[in-house]
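Here are my notes on this model, in the order I'd look at things. Have the viewer open as you read.

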Amino acid sequence: MNSIKIRSLTMVLSAVCLLFAGTVYADQTESAEIKIARAITAGHPGITDKATILDVDGTVLREGSNGWTCLPGIGLIPGDKHPMCNDEVWMKWMNAAAEGKPFSTDVVGVSYMLAGDALVNNANPAATDPKDGGVWVQEGPHLMLLFPTTDAIASLPRDPFVGGHYVMWDKTPMVHMMIPLAAKPK
């Protein structure tokens, strides 16, 4: 990738992080037990039974031992309560995004969101208004995959409504593959 593309991608990632700066917070009105119960709905018991559970602000709610981390919501979206369970690669991706730093990996990363996701713009991770145009999508249960290069997903659709898997946030440092496991919510 040439230096202009790298700088452009870094600028997009930085803009996303600045947009969401200061929005990572823990909901103090919910107990740790409620947050843990929601977090474990993101994955299957083979993952969640021994996963570390973190609050959206990084507070450890439960220590784990299997390398997986589950969260009761996505900290970049204020008040979000869509849980996710991430392998170590996805946690590095999330930390890089939160810090506005570049991300790369040599291995595939996996994230489970079996309880569904928020409404997001499929092309622009910084978009906040569904009336601004673009393709907005809300997934039900799904998996997300990160790849070492975008070559692996180059031929996949970018349209989330064609049926099956697709690419989200193409041409940004946050690009990943979405794998829906059920019909989208109506």
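1. Strands 4 and 5 pair in the antiparallel sense over 2 bridges, with N86 standing opposite S111 in strand 5. Strands here are DSSP E runs of at least two residues, numbered from the N terminus, and two of them pair if DSSP finds at least two bridges between them.

2. Before going on, the ground rules: this is a predicted model, local features need pLDDT of at least 70, side-chain atom pairs count only at pLDDT 80 or more, and totals for chains, interfaces and linings use all residues. Residues are numbered from 1 along each chain as its sequence is written, and side-chain values use heavy atoms, with hydrogens and water left out.

3. Strand 5 also pairs with strand 8 (residues 142-146), antiparallel over 5 bridges; there Y112 stands opposite L143. Because 4 of the 5 residues of strand 5 (residues 109-113) are buried, the strand is largely enclosed by the rest of the structure. Buried means under 20% relative accessible area (1.4 Å probe, protein chains only).

4. The whole structure has 1 disulfide (cysteine sulfur atoms within 2.5 Å). This disulfide joins C70 to C85, S to S 2.1 Å. C70 lies in strand 3 (residues 69-71) and C85 in strand 4 (residues 84-86), so the pair ties together parts 15 residues apart in sequence. Both cysteines, C70 and C85, are buried. The torsion about their S-S bond is about 110°, so the disulfide is right-handed.

5. Have a look at W169 too, in the loop between strand 9 (166-168) and strand 10 (176-180). W169 counts as buried at 12% relative accessibility.

Methods. Buried means under 20% relative accessible area, exposed over 50%, partly exposed in between (1.4 Å probe, protein chains only).
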